[in-house]
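This report looks at a ligand and at the part of the protein that surrounds it. The sequence and the structure come first, and the description follows.

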Amino acid sequence: MKVIKNVAQMQKIASSHLKSGDEIGLVPTMGALHEGHISLISQSEKNNDITIVSIFVNPIQFGPNEDYLKYPRPILKDIEICRKNHVDYIFMPLVENMFPANYETFIEVKTLQDILCGLFRTNHFAGVATVVAKLFNISCAERAYFGIKDFQQLKIIEKLIKDLNFRTKIVPCSIVRERSGLAISSRNSYLSVEEKNISGNIYKILKEAAEDFKTKDLNVVKRDAVNKFKKIPVSKIDYTEIVNFYDLSPADKNTKKAVFTVAVWIGKTRLIDNTVMTKQSKL
Ligand code: AMP
């Protein structure tokens, strides 16, 4: 396994693999690797000759009052996890190499970037789309692995690929959860033991809502879920929305496949989660 810190060097290595016929899988991460990331790495290894894991806490996707500086960066542990999981290259660029002082190009995916999390995190998805586009070009990836946990991000990247004709194909990967149901996240390290216990309820509520969605009216499903969230108790609800699975537009009574997506604050930590919901088919 090689750790590459330089953008030009990574691109040169990746293009030479491409030329010799290797298929490259890219797993973009911000580090503090956990079982969720490892599941993406394992999938990439199954489908590709070479796996590149990028570890980059991307400054341009954080707002001024967000956790960019305190985001966990356990570099040595991350390198060890990648080594154990047979990663070929870790790409770990410096901020000034990815975004030098004269950097000026940003990608916006209109409509999708301005809803749900985009309403609370201005410029977040432009930051994500921009860094991901750069990573696609640097890594020459045939496939890139993204978690369904960040469902809106996944949809935005899919649209970016379609609109800008990137050759990279996206492989969506299921959400890895703790035994309590809490979706594993690098930010879970901010939670106290008590907050972690509370957080386990998020998925419980989502699962119950998915069950209700099969047969009940949409507004009832949403109202019941919101009441349950208020009882857990969460500190603040950014949003709890049932949206169309395919384009994230608001679901209505005719929607057959939806996603219940939520962003809630437990103490001072913002957690996102979602579950796919389908209507019961009529016999
Ligand atoms: P992050 O390092 O949080 O930016 O995440 C990097 C990638 O890992 C993203 O595609 C995430 O959706 C994915 N990911 C994060 N947590 C999980 C999880 N619990 N299960 C599956 N994928 C995840």
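In what follows, Ala, Val, Leu, Ile, Met, Phe, Trp, Tyr, Cys and Pro count as nonpolar, Asp, Glu, Lys and Arg as charged, and the others, Gly among them, as polar. By these classes, the shell around the ligand holds eight nonpolar, seven polar and two charged residues. The model is a predicted one, in which local features need pLDDT of at least 70 and side-chain atom pairs count only at pLDDT 80 or more, while totals for chains, interfaces and linings use all residues. Residues are numbered from 1 along each chain as its sequence is written, and side-chain values use heavy atoms, with hydrogens and water left out.

The ligand is surrounded by 17 residues, of which the closest are His37, Gly147, Asp150, Val176 and Ile184; a residue is near the ligand if one of its heavy atoms lies within 4 Å of it.

| Residue atom | Ligand atom | Distance |
|---|---|---|
| Aspartate 150, polar side-chain atom | oxygen | 2.6 Å |
| Valine 176, backbone N or O atom | nitrogen | 2.8 Å |
| Isoleucine 184, polar backbone atom | nitrogen | 2.8 Å |

Of the 490 Å² of accessible area that the ligand has on its own, the protein covers 92%, as computed by the Shrake-Rupley method with a 1.4 Å probe. Strand E2 (24-29), helix H2 (35-47) and E5 are the elements that give two or more residues to the shell, and H2 gives the most, with three residues; helices (H or I, at least four residues) and strands (E, at least two) are DSSP runs numbered from the N terminus.

Conventions: Polar contact = N/O pair within 3.5 Å; in protein donor to acceptor, adjacent residues only side chain to side chain.
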